Amino acid sequence: MVRKWMYLLVCTIVLATTIFTGTSLAAEPAEYDNEMDSKMVIHFIDVGEGDCTFIDFGEYEVLIDAGSNMAGETVVDYIEPYVDGSLDLVIATHVHHDHIGGMDDVLKAYDVKEIIHSGDTYNTQSYLDFYDAVLAEPNCMYTEDEDRIIDMGNGATLRIIDGIDGSENINDNSVIALLEYGVTKVLFTGDLEESGEAYYLNLLEPVQVLKVGHHGSATSSGTNFLSVVNPQIGIISAGYANNSIHPHIRAMRRLFQAETELYGTFKVGCIVMTLDGESYSLNTSQTLQYADAGIYHIIREFEGEVWK
Ligand SMILES: [Zn+2]
């Protein structure tokens, strides 16, 4: 609590300085507000091409992925005002660098009580750095994803849904997590692709918010999957003008046909969602349109190939 008051004081000073100098604070985290103690805030942090979501609920904090190596310090700095003591839970959805690359920085900067992972190992430097940091983390449980319900306090839960393990497609081994707070459900699927979505069709249910799988790639968010989870809102984390065709216009089309409103970190930066158990709100009203699809496909659109 002392840290939060300190942060409030610093924010006040910074805000006063900002008004005086007329500069913008757009890149800074949302200001801490005491009244937010009763609310849950989900930060979809802009880490460029990669994934990083931070859930702040009173004194319980969860980090899902930490972006690439380059994003580590950004993540550490962004979450600093919100972390009360230690990070209660870190989820490493899978072993690709755009999800675990920044995690060694996070583990060095914060005490972490538990890390839930996909069960895979990997022969990349990003993974080795991550795993070295895990081994160096004192009193930290390192747990493979299994069916369980994690109590976040005040009626909020995070359900881990065990599914695919050991697939050759590393993306399909992603940790699947369903956040439930009051009537609001938020689903996190890492980089799960359509090939893996099929496994979960009988295990999932309609949600209000979907953290769109695999940065909105063409091979995720299949029609069958969307007909089950039927999200009102989809959040896409991807880098501005990335080389990976994220989000892909075909995935966007399926999401639009499911009447899902889309938002992207590559378009508006960090997306902050506030939940009170009955409703939720976003810090932006700038939705994605087809013109926001991966740049490669904008080029193809001009060539008349886009709907193939
Ligand atoms: Zn990814």
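Strands and core

Reply: His-117 has Glu-144 as its bridge partner in S6. Strands here are DSSP runs of E with at least two residues, helices are runs of H or I with at least four, and both are numbered from the N terminus. Keep in mind that this is a predicted model: local features need pLDDT of at least 70, side-chain atom pairs count only at pLDDT 80 or more, and totals for chains, interfaces and linings use all residues. Residues are numbered from 1 along each chain as its sequence is written.

Me: In what sense do S5 and S6 pair, and over how many bridges?
Reply: Parallel, over four bridges. Pairing means that DSSP finds at least two bridges between the strands.

Me: Which helix goes with S5 and S6 in the β-α-β unit?
Reply: That's H5, residues 125-136, and the unit is right-handed. In other words, with the strands pointing away from you, the path from the first strand over the helix to the second runs clockwise.

Me: And what does His-117 pair with in S4?
Reply: The bridge partner there is Ala-92. S4 (residues 89-92) runs parallel to S5 (residues 114-117), with three bridges joining them. Val-90 sits opposite Ile-115 in that pair.

Me: What's the strand order in that eight-stranded sheet?
Reply: S6-S5-S4-S3-S2-S1-S14-S15, an open sheet with mixed pairing. S6 (141-144) and S15 (280-282) are at the edges with a single partner strand each, so one side of each has no neighbour in the sheet. Neighbouring strands are turned by 15° against each other on average, direction ignored; the axes are lines fitted to C-alpha atoms, for helices over the stretch in contact, and angles between N-to-C directions run from 0 to 180 degrees.

Me: OK, the seven-stranded one. Which order?
Reply: S7-S8-S9-S10-S11-S12-S13, open and mixed too. Its edges are S7 (148-153) and S13 (261-264). S12 (residues 233-236) pairs with S13 in the parallel sense over four bridges, and Gly-234 stands opposite Leu-262.

Me: Switching topic: which residues touch the most others in the largest nonpolar core?
Reply: Leu-63, Val-75, Ile-91 and Ala-177, out of 73 residues. Such a core is a set of buried Ala, Val, Leu, Ile, Met, Phe, Trp, Tyr and Cys residues joined through C-beta atoms within 7 Å. Buried means 20 or more other C-beta atoms within 10 Å, exposed 12 or fewer, partly exposed in between, with C-beta atoms placed from the backbone.

Me: Which strand gives the most to it?
Reply: S9 (residues 176-181), with five residues.
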